[in-house]
Amino acid sequence: MRLDIVRVADEGKLDNERLLLKANGRTEVGNYLLLPAGVQGDRLTSPARNPFWFPDKQVDVGDLVVVYTKEGGDTDRLMDDGRKVHFFYWGLDDPVWGGRDLAPVLFHAREWASKAPESL
């Protein structure tokens with residue numbers, strides 16, 4: 001995977017709660033899905049809810065990816081060293097990480113399939 005989870009900041013405070021990721025290689029963030037879930041070792045221990053599928057966007061090595069829990073508009077900011085910070089907003093009304101036994105789980109999901117309900 002070319003995105004590393006760095007940390008969750010300001011857990012439980014909707015206005016500032018965010019997940020920080022760092023790109024360790026050039027990648028398309030639209031291929032990643034983020035889930036809050038209970039984790040024990042290499043097992044998910046609780047159902048995942050409120051998934052966040054990143055919009056299509058190329059990020060470069062060393063770029064930071066910040067996912068705010070709250071509503072907002074996706075933006076970028078250029079840092080002094082030439083790297084970018086890419087800000088994304090989950091659009092939730094409540095904090096995800098504070099006071100719960102949930103951890104961020106990141107999936108690299110380049111391929112997926114869907115079938116419309118009326119055709120099942």
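Colleague: Why is Phe107 called partly exposed?

Modeller: Phe107 has 34% relative accessibility, and partly exposed is the band between buried (under 20% relative accessible area) and exposed (over 50%), using a 1.4 Å probe and protein chains only. Its 34% falls between those limits, so Phe107 counts as partly exposed. Phe107 is found in strand 12, a strand being a DSSP run of E with at least two residues, numbered from the N terminus.

Colleague: What sort of model are we looking at?

Modeller: It is a predicted model, where local features need pLDDT of at least 70 and side-chain atom pairs pLDDT 80 or more, while totals for chains, interfaces and linings use all residues. Residues are numbered from 1 along each chain as its sequence is written, and side-chain values use heavy atoms, without hydrogens and water.

Colleague: Then what makes Thr69 count as buried or exposed?

Modeller: Thr69 has 0% relative accessibility, so it counts as buried. You will find Thr69 in the loop between strand 9 and strand 10 (75-78).

Colleague: Which residues is Thr69 in contact with, leaving aside its neighbours within four places in sequence?

Modeller: Its contacts (heavy atoms within 4.5 Å) include Leu14, Glu17, Trp90, Asp94 and Trp97.

Colleague: Now the charged pairs. How do you know that Asp60 and Arg26 meet in a salt bridge?

Modeller: The N to O distance between their side chains is 2.2 Å, and a salt bridge asks for a side-chain nitrogen of Lys or Arg within 4 Å of a carboxyl oxygen of Asp or Glu. The 2.2 Å passes that cut-off, so the pair qualifies. Asp60 sits in the loop between strand 8 (58-59) and strand 9, and Arg26 in the loop between strand 2 and strand 3 (27-28), so parts 34 residues apart in sequence are tied together.

Colleague: Are Asp60 and Arg26 buried, exposed or partly exposed?

Modeller: Asp60 has a relative accessible area of 35%, so it is partly exposed. Arg26, at 46%, counts as partly exposed too.

Colleague: How many salt bridges does a search of the whole structure find?

Modeller: Four. One of them joins the side chains of Asp81 and Arg83, at 2.8 Å from N to O.

Notes
Helix = DSSP H or I, 4+ residues; strand = E, 2+ residues; numbered from the N terminus.
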